[in-house]
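Q: Before we go through the charged pairs and the strand pairing, could you show me the model and then tell me how to read each feature in turn?

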Amino acid sequence: MFDLQGYGPSLLAGASMTIAVGLSAMVMACILGLVGAWAKLSASYTARATAAVYTTVIRGTPELILLLLLYYGVPTLVQDLASLAGYEIILNFNPFLAGAVTLGLIYGAFATEVFRGAFEAIPRGQTEAAQALGMSRFRVAVHITLPQAMRIALPGLGNVWMILIKATALVSIIQLDEVMRKAKIAAGATHQPFTFYLLASFIFLGITLISSLVQRQLEKKAHRGVGQA
Amino acid sequence: MNFTTMLEYLPQMLDGAWLSLQITGLSLFLGFLLAIPVSLMRLSHLAALRLPAQLYMFYFRGTPLLVQLFLIYYGSGQFRHELEQIGLWAFFRDAWFCAVFALTLNACAYTAEIFRGAILAVPKSDIQAGKAFGMSGLLLFRRIIFPKALRIALPSYGNEVIFLLQASSLVSIITLMDLTGVASRLVAKTFAVYEIYILTAAIYIAITYMLVVIFKLFERILNKHLRTDS
Amino acid sequence: MKTTINAVLLITGLFIFSVSAAEMKTLRLGTEGAYAPFNSVNKEGELVGFDIEIGKALCTEMKVKCEWVTSDWDGLIPALLAKKFDAIVASMSITEERKQKIAFTSKYYTTPGRFVRMKGDAVEASKESLKGKVIGVQGGTISENFVRGEFGEVVDIKVYGTQDEANLDFMAGRVDVIFADSVVLVDFLKSKSGQQAELFGPSFTEAKYFGEGIGIGLRKNDQALLEAFNQAIDAIRANGTYQKINAKYFDFDLFGE
């Protein structure tokens, strides 16, 4: 049953692509999450409303639809609009970029909620005290709120990563050569779908297992110096 | 951009949405029922009960639903003869069954994890009070632990419901004509890519936030006695 | 001021798209990669097949550098329109429906459509015999249109994203017969698991469904590219390159009359 007929290396190459697209998306999700949380907690109505629309739309739509919309729909829409205005624009994202951007956009909405919760968990008194000492808003953010928010957000971000890495399987639909697409190719060519999809699932299991170990280490490190209640 | 012609396709898409809701609803219901014993097994002190539950939950929470669907749908085809011999092929032959089966197993694993957390979060004092009244075993679980755990679990369970509704869009990939399936067929026919997918997204968003409202109401009813405001 | 900065940051955050100017040094060819022997991905992850070699030969003939982009079948025309690539070389039939959206070169081959059944199954290619059967086809293809148009009211049609998946489900017995391009089916029958299956019924070529053969799909406003492709097709037909590639894959003339 486990005769891979030479497709083993191809699946492993797919695994590294899965991790690459997952990490890129996670970096983008974290950046978007920070910006989103800032907007949600902002005094500006426009920023709050924009952030609210962003999280509402993203969390209400299946990833698959968002992926198809972003990969096929948005470039066509932008080109149609641009040609109406008399311009020619080529929006060209390859599957890697489209996959990373889409997943980043989706999980940025989740990261927004995680960071918002983390910022809210920091006592206001700390910011006020820092400002009383004459620190600028920027320095308050860098020295006081951000480091603490990161620590509080860590478990939440870990969850986002776990969901995100599994969602990378979807990017196979837009033909990025990650594990799932490699498994599909092998299953189609060898007519042994069970073998290859099972192997693909084990690769994902390996990634999630290692991730949870890393997460535990990171949390331990982030909590050094914090009294354990 | 032509959204008016989209109205023509709306009935077809609503048919698809109905199938999405059916599959989601049925999988949630079955997953919920199964999650009760699974979460109890997971919390058991007996390794023979705990380990299988742990392994099952680890696998289904650690791998993508897309892989699980493909494994169950296309993978079962590899064992057609074996499945025929034990009389199960009639089920696996059907894409609808495979979809509900995969979604149920997936939902059950996540729900069991939510239940596990909720059962552990039931205050010790509640259980002691129950015991003081002479309750034990199933009675204690049915009257004290389970109702309390359910209330604790509700917000996370609401998220799981929404997660599964959105995940059900994947069944389109195993030939089912759910909302996403209908949408991608229409796109292939009309090439009106963004019009159709934006409409599809709008329908999903509408269903999702209907569910959110329902859960908020439900939560308020269940926690009525806890409200402190007048 | 602060509002503006917030808004600008949010918008740039939301739309980090790579916008590249309309420059075209290399020609990008789009294909599916799940349609052996015309286009598929081998163990090394390379694209191989008849379409791929024809595409390369045409590029050599036109003296342009080409690169391949894969897309799922349903996404090929949307991706062409979205300018993810400049030409579809993916065994796409020239049909009236598609011509409303994109332009086609003249044909570079024609093949008929056929039915495949399990050996020992006595089903025939008639409405009476196919009644109540499940037919598997790849979605958005002329095969789907043909089966819907000719047998739609009596059969149950299952639609797949790729021909590979339709084949898998046929092997699993979820569909009773499959209908597809004859050459693709012959290739499938030659595979280990295709041994238990066989072709049946006539070769279907009705122009109503099967169009004017297989062409290369282009955006409607790329008139110059269309002419370049047409000249290149004629040139490789004339200089023997086409015949060489044909002989490498098939023992009959693929071009048709």
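**Reading charged pairs and a sheet**

A: In this predicted model, B:Arg80 counts as partly exposed because its relative accessibility is 21%, where the partly exposed class lies between under 20% for buried and over 50% for exposed. B:Glu84 is likewise partly exposed, with a relative accessible area of 37%.

Q: How do the side chains of B:Arg80 and B:Glu84 meet, and in which helix do both lie?

A: The general idea is that side chains of opposite charge can pair when their charged atoms come close. Here the side chains of B:Arg80 and B:Glu84 form a salt bridge with an N to O distance of 3.3 Å, and both residues belong to helix H4 (residues 80-85) of chain B, where they sit four residues apart, or about one turn of the helix.

Q: Which parts of the chain does the pair of C:Asp86 and C:Arg219 link, and are the two residues buried or exposed?

A: The side chains of C:Asp86 and C:Arg219 meet in a salt bridge at 3.1 Å, N to O. This pair links distant parts of the chain, 133 residues apart: C:Asp86 is in the loop between helix H3 (76-81) and S7 of chain C, while C:Arg219 is in the loop between S14 and helix H10 (223-238) of chain C. Both C:Asp86 and C:Arg219 are buried.

Q: What does the pair of C:Arg117 and C:Glu198 tie together?

A: In the salt bridge between C:Arg117 and C:Glu198, the closest N and O atoms are 2.9 Å apart. C:Arg117 lies in strand S9 (residues 113-118) of chain C and C:Glu198 in strand S13 (residues 197-204) of chain C, so the pair ties together parts that are 81 residues apart in sequence. C:Arg117 counts as buried because its relative accessibility is 12%, whereas C:Glu198, with a relative accessible area of 23%, is partly exposed.

Q: How many salt bridges are there over all chains, and which residues are linked in a network?

A: The count over all chains comes to 23 salt bridges. A network of salt bridges links B:Arg185, C:Asp74, C:Glu144 and C:Arg148.

Q: In what order do the five strands of the open sheet in chain C run, and which are the edge strands?

A: The order is S6-S2-S7-S14-S8 (chain C), with mixed pairing. The edge strands, each of which pairs on one side only, are strand S6 (65-70) and strand S8 (103-104) of chain C. S8(C) pairs with strand S14 (residues 214-218) of chain C in the antiparallel sense over two bridges, and C:Phe104 stands opposite C:Gly217 in S14(C).

Notes:
Residues are numbered from 1 along each chain as its sequence is written. Chains are lettered from A and ligands numbered from 1 in the order in which they are written. This is a predicted model: local features need pLDDT of at least 70, side-chain atom pairs count only at pLDDT 80 or more; totals for chains, interfaces and linings use all residues. Side-chain values use heavy atoms; hydrogens and water are left out. Two strands pair if DSSP finds at least two bridges between them. A salt bridge is a side-chain nitrogen of Lys or Arg within 4 Å of a carboxyl oxygen of Asp or Glu. Buried means under 20% relative accessible area, exposed over 50%, partly exposed in between (1.4 Å probe, protein chains only).
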